[in-house]
Structures are given as structure tokens and as C-alpha cells.
Amino acid sequence: MALLEAQNVTKSFGGLTAVNNVSLTVERGSIVSVIGPNGAGKTTFFNVLTGIYKPDHGSIIFDGASIAGQRPDQITRQGIARTFQNIRLFNNMTAIENVLVGMHARLSAKMWQIIFQSPSVRAEEPRARARARELLKFVGLEGRYDELAKNLPYGDQRRLEIARALATEPKLILLDEPTAGMNPQETLEATRLIQRLRDELGLTVILIEHDMRVVMTISERISVLDYGEKIAEGKPEEIRANARVVEAYLGRGATAGD
Amino acid sequence: MGTTSLPNSPFAALNRGLLAYVALTAYIVVTSALMLMNTRTSLGTDVLFILFLLSFLLLYRAKVSNGYKLALGAIMLIGVVPYFGTMNAYYIELAIQAGIFVALALGLNVVVGFAGLLDLGYVAFFAVGAYLWGIFSTDQIGLISPGASPVSSQLFYLFMALGLFLGAFFGVLLGLPVLRLRGDYLAIVTLGLGEVIRVLAVNLDRPINITNGSQGIKSIARPPLPDFLRALFPGLNDPQLYQLFIYALALLVVGLTVLTVFRLKNSRIGRAWEAIREDETAAVAMGIPLVRMKLMAFAVGASFAGVMGVLFAAKQQFINPPTFDLIRSIGILAMVILGGMGSIPGVILGGVLVTLLDLQILPRIATELSALKRQGVVIPDWFDPAQYQRALFGLLLIIMMIFRPEGILPDQRRREEAHATEEQEALVEVETGEAKPA
């Protein structure tokens, strides 16, 4: 059974239908891309999946349970994590604290236990910190634990956002333009990191991405949105050859260049 | 407040190695001794008292072992202050007031400093605690439910616990309608809710007399004086013993408050509050239940005010609505901001400083000016020093916010936030400066 099954999802704001009747099925352990021109509704679709917006119509089944209309924190608890198009770290917290915030739902300390420093709290806190350091190491931020998020270089902020998302212990991770604003070297490293999320951690990945090299290299399937509607879905080579996609998004140069 | 920049000052040399121990101990011993030798209320004693209080700040900044700090601090708080207080009641009253407001400021700091929810009606929870004990420990309860008699003053401690829970309950109650609001809107609504509580206190003398309206509630019971205190200090009279007793209770509540706030701050819950303050959307996306965490901040903050309200009512033995007006809320907020939002030592300092300014320093300046006037120094008639006290306070706040917006002892991060705009401006200057030659 697929990990995520979104069916006929629609979301409008006043007269504008940002996401129109979009369906998406994501198999466990796959890397799937959602592409489309600016304003096609990709981020809105992510926001619907993660509960920031409630869908007007449609169903979203994640891991066998309906999540449509649930609150973002409830959806995160069930195993969907995300990063943001415009990095949204907790800027004035350190790298490790950012990751610890991500662990919030997976830690159990209750207020009374914290006030009385119960043994469980005293054991949990160092464990959480150790785990946070592991995650930071995994994304390549070893030794930068105590740096304020806002003082990290741009590429590292993107990595930190992924580490923070991983801290929520997701099954599915949604990456919103993870390589935006990166130079070719950084893009390459980010691409490798995304592949490791699946290969080493066994996660399922959905990404929104504009860099076609990244999309074509790592996606197993691609969905194309335009004006809020899904106009194509398929393997990278199918999408590359799809006339409607080329017209809507890639432009004439893309096929000519190949 | 030059001492706050100790590491960079000429005194830095005194704050190293063994010399730090000697200098610190000498300062504390000298100021304590001088203060204990000058017990008459006067300008001189005021100055000595403030110099003595400064030693807590030195203690905080000194590079000596934590055990030594703790021991010295305990001697001063449990020994010197109460001993001095038995010789001059005015100063222990000052210390009690400072303690009450430190606890309130720490409570408000949870809401404003940690969770970033600007609350202008905080004093309402203080009022709730005060009225709780005020009503139940006096004949007022008989007016509400005919035949009921006041509870025994033995139950005071139980009511402190009840004050905690009632404060938390009201915190949630007032928090619920403002959950969706942020920033300015939140401030206005909490201001309104705070005023509602005060107006209720004024007007709930009809149809059933619950609060006794603007008359306030008189002869509120004090907790019974423990026998061991009498036995321990046979030389002291009852009023002195009572002041020591209330001082000890206030100190205990402040101590527990500091401990609680400190532990919460460095926990999963404190981090969640901070995340909400930084970016709500990102915080929920990380699995933080916004509603629950915000209500928890309101409840925790309000609970300290509830407990202190009960103690305050017992100490004053009289409460009336004007005690709980908007200015009081703003005063507590000023303590938080002046000391350093989010910083526990900062907020403690802010609480003590504003209380001292309010009750000691500014009135003292006014009396001294009046005395000068009587001696023939020309001060124009329209300038009544007593009337201008608050203006001076306002001026201090303005100067403070211009030159040290992050507060006196800021949380490290807040300091960065407060100066972020400066950095940005500096960056712009650098960029434009470089752009010109190119």
C-alpha cells in the first residue's frame, strides 16, 4: 500500500483555486518530485498536505489513516516532516536547540516532571542531546552545534532545516526547494544528502524543485502542476518527453538542448 | 549600573583568581557592617542599603566557585537582610515588596519573555490570589454565603496552593480568547481583560457582596506565627516576628519560582515556548501543539501571581481594587524589560530595581529636594518633587531603552535580537561605503 495517497485535493482562496483536483500517490521508499512554474500551487499543495491549510475537497490518506483537516502538529506526529521554501529556522536558537525543538513530540517530559526533575527527565535530556548531535552529524554540521542558526552560512541553514525535520522522526519528508539559491557545488552536496535520506534512513521523500538537473537525477516519479492542476505524472524521461510539460514549464530550449 | 560591564572595566583585575574571593568578600562584609551600624532611615542608610544590594550583582558576576556564591548569597538573604530588618522595619518591608514583585516579574517573564506573548493584564492574576484569601479569611465570606464563617488562618498554606491553581485557571481562562492573536492585538485584549477583572472587583458588591467594591476588604487574616520563631528570637516583638515570617515566606516563594522557571526554561517546554516566540508556523510544523503550549505559558505565569496574591493579601491585611490597576501591570512589564526579557537574573534585578526606585530611591530624592527647599535652596514653586517622581521613572525607562534596549542583564540571545537592527544598519553603511569607490 502506498505511504501517501492524496485524492482530488482542492484548495481555493476566494476566487483563486490554488490547487485544483490534484491527486498524488507516493510509494514507500521513493523519491518523488513536484514541479511546475512559479505560482503553480506546489507550495500550497505542501501546505495542504502538512495541515497548514485545510483542503476544501479531497482526501489525504497517510500510512493508512486520513489526515485531511488535522492540525499541522498532529500531522507531524504521525510522521510527515517538512522544510520551508524560505528557510524558517529558529534564528536566535543554536543549531542543536533547533533540532531539539524538532524532537518535541518525541520527548515525553511533562511539566511536573520537569519542575521536580524526575529521573526520567534527567535521563531523557542527555539522550535527546546525543541524538540531536547525531542528526547534525548526519547532515554534515558536526561541531557547529552551539552556533546560532542565523550565523550559519546559507547552505548549512538548509542542512539544519533538514536535521530539524529529521528530529521529528518522520516516515515522509517534504522538501520545499531544498537547493534554491545554492551554487553548483552546494547543489551537488544537497542532492547527495537527499539520496542518503532515502538510502540510509529509509525515508520517503517528496520535493519541490526548480533545478531540473536535480529533479531528473534523483526523482523516481515526477508530478507537474500548472495553474493548480496536475498536467502530467510519470518517470523523468516521460516527463522530459511530455509536450504539454515542455510547453508549460521547461520551455522550448529544454528539448532542443538535449 | 557600571558594574554590569565588570569584565571590561578597571575592576576586571579584581575579578581574577584568589583576588576575586578576597575583593568580593571584603565588599560584602564592609557594606553589610556599615549598613548594620546605620539603622536609622536616612539618605545615608538608603545609599548603604543599595550598595549592599549591589553585592548580589557582584556575586552574580564574580568569578568564584558556585558553592561560595551560594553560601554568601544565603548568608546575606537569610542572615544580614532579616537582621537588619529587625532593627529597621522600613527596610525589611522594602525587601518583602521586592520579593513579591520579583516573583510577579518572573511569572510575567514566562509569558512575555519565553513565549513572546505580550500580556498587559498580568496583575489580574495577582488580584485573583489576593481576593481569594481576602474573601475566605474574613467576614466577607459570610456576606456571600450567609452563615459561612471565615476559614481558620491555619489554612493559609492550603490557600497558597489554591492560589496557585486558581491563578493557573484564570491564566487559561484569559488565555483562551487571545490564542489567535499576536503582538499589538494580544496586548490590547489582555489589557482589556485585566481591566475587566479590576472593574469586577470594584462592582461585585452588588447584587451579592463578593468583593466589597471600592471599599476593599479589611482585616485579612495572617497565617499564625510559628512557635519556633518566637522561641528562636525571644527578644523580638510580634510585629517584628511577623515581618521576619512574611519575609521568609516571600523568599521561599521567590526561591521556588526561580527554580521552577529555570528548569522549565531549560527543558522541552521552554524550548517549545522559545520556538513559538521565534516562528509560530515553523513551531507547529515541528509538532508543537500551539494552543496547549500557549495556554501552558499563561497558566504557569499566572500561577506565580496567584500564590503571591495570597501572600500579599495576608501581608497587607487590606486589599482594594486600585492596587490592581493597569499601571501595576505596566510596572511589572517594565521590570521584565528593564532587567532583560527572557533572562532570569535580569528579571530578578529588574524587579528589585523598579521596586527600589518606586518605594525608596525616587521618594528619597523627593524628600531630599523638599528638605533643600526648606533650607532656602531656590526650587521653583511649581516644581513639587513628590509630583515629579514618576516623570523621573519614565525618563529612566526612555534612556534605558535608547542605550540598552536588551535590558541590564540580557539573555544572550535577546542581546543579539536587540542589536540585530544596528548590525543591519552598519552593514548597509559598509555596503554603500564600498559601493562608492567601485
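## A tour of chains A and B

Begin by selecting chain A, which has 11 helices and 10 strands; helices (H or I, at least four residues) and strands (E, at least two) are DSSP runs, numbered from the N terminus. This is a predicted model, in which local features need pLDDT of at least 70 and side-chain atom pairs count only at pLDDT 80 or more, while totals for chains, interfaces and linings use all residues. Residues are numbered from 1 along each chain as its sequence is written, chains are lettered from A and ligands numbered from 1 in the order in which they are written, and side-chain values use heavy atoms, with hydrogens and water left out.

With all of chain A in view, note that its C-alpha trace spans about 65 × 40 × 35 Å along the principal axes. Of the 258 residues in chain A, 54% are buried, where buried means under 20% relative accessible area, exposed over 50%, and partly exposed in between (1.4 Å probe, protein chains only).

Next, select residues 172–176 of chain A, which form strand β7, and see that five of its five residues are buried. On one side of β7(A) lie A:Leu172, A:Leu174 and A:Asp176, on the other A:Ile173 and A:Leu175, and all are buried.

Strand β6 of chain A (residues 80–82) runs parallel to β7(A) and is joined to it by three bridges; here A:Arg82 has A:Leu174 as its bridge partner. Strand β8 of chain A (residues 204–208) is also parallel to β7(A), with five bridges between them, and A:Leu175 has A:Leu207 in β8(A) as its bridge partner.

Show helix α7 of chain A (residues 184–199) as well, and you have a right-handed β-α-β unit made of β7(A), this helix and β8(A). A crossover is right-handed if, with the strands pointing away from the viewer, the path from the first strand over the helix to the second runs clockwise.

Finally, turn to aromatic rings, of which the structure holds 20 pairs over all chains. Select B:Phe126 and B:Phe312, whose ring centres are 4.9 Å apart with planes at 50°, so the pair is tilted; rings of Phe, Tyr and Trp (its six-membered ring) pair if their centres lie within 6.5 Å, and planes under 30 degrees apart count as stacked, over 60 as edge-to-face and the rest as tilted. This pair links helix α5 of chain B (residues 123–136), which holds B:Phe126, to helix α13 of chain B (residues 290–316), which holds B:Phe312. Both B:Phe126 and B:Phe312 are buried.

Note on methods
Two strands pair if DSSP finds at least two bridges between them.
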